[in-house]
Amino acid sequence: MLEFRLMRTRLSVSLLFLSAFILCAQTTSEVAITAEPHHHLALQNQYVRVFKVEVAPHEATLMHRHQYDYIFVTLGASQVENDVAGKLPVTLKLQDGETRFLPGGFAHIAKDLSDQPFRNITVELLQDKKLRQSKSAWDENRGFHILNGGTQDILFVKDNVRASEVELQPGGVLPKHHHAGPHLVVAISDLDLRSDVPGNPVSSKQLKAGDIAWVTGGLTHSLTNVGKQNAKFITLEFP
């Protein structure tokens, strides 16, 4: 009987702490993402609002709200605790270049559990979801392609935005393809790329790891890695 009472007391205390934790998460004051000091606005247009995010080892963001659906691209391997308001914490182990989609409408705190900075590119999708989804679907939502000296992995299509990961060895080529709409490039590694547009002079693009580039639509071209190292980048294509 005594043992039963002790177990019941311990259970009651545990439930009390759990309730207090959830209540605390629910009542923690939150800020807009633009006021969160670890989020640095890098680009904004009619399609996206892009933030460069960096959290020092063992530090945390403020509780901040994600109003819009968004895609984030991880820069460097990391381990993060995700504390969503009103929910229990979740630990995420993220790899360099890992790209995920999350629906908006929540507030959270991100805690860096590792000895390395937690860095990512957060891309908010600003256009009305119904408007994006009303446009024609992509011809391919998922797919892994072997290229001449590289690979192209179509990761997912969310809110009619297509995310792909491209890796090119030195001299590797992403063959001629067409972008009807604009796209965002997120450099996972340093990039030294040559763009060949039929009927136009050859152009080059150099980006450092973590840089972003917005490319307008209506473009047909091929890409070649003219650098000495492997090139890895994420593209987010808009219809």
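Begin by selecting Ile-121, Val-123, Val-186 and Leu-236, which touch the most other members of the 21-residue largest nonpolar core. Such a core is a set of buried Ala, Val, Leu, Ile, Met, Phe, Trp, Tyr and Cys residues joined through side-chain atoms within 4.5 Å. At least two residues of this core come from each of several strands, including S3 (48–55), S10 (118–125), S13 (183–187) and S18 (231–237). Strands here are DSSP runs (E, at least two residues), numbered from the N terminus.

The model is predicted: local features need pLDDT of at least 70 and side-chain atom pairs count only at pLDDT 80 or more, whereas totals for chains, interfaces and linings use all residues. Residues are numbered from 1 along each chain as its sequence is written, and side-chain values use heavy atoms, with hydrogens and water left out.

Next, centre on Val-186. Leaving out residues up to four places away in sequence, Val-186 touches Val-73, Ile-121, Asp-211, Ile-212, Phe-233 and Ile-234; contact means heavy atoms within 4.5 Å.

Ser-78 counts as buried because its relative accessibility is 8% (buried is under 20% relative accessible area, exposed over 50%, partly exposed in between, with a 1.4 Å probe and protein chains only). Beyond its neighbours within four places in sequence, Ser-78 is in contact with Leu-92, Lys-93, Leu-94 and Phe-118.

Finally, select His-38, in the loop between strand S1 (31–32) and strand S2 (39–44). At 15% relative accessibility, His-38 is also classed as buried. Its contacts, not counting residues up to four places away in sequence, include Lys-52, Glu-54, Glu-59 and Thr-61.

Note on methods:
Helix = DSSP H or I, 4+ residues; strand = E, 2+ residues; numbered from the N terminus.
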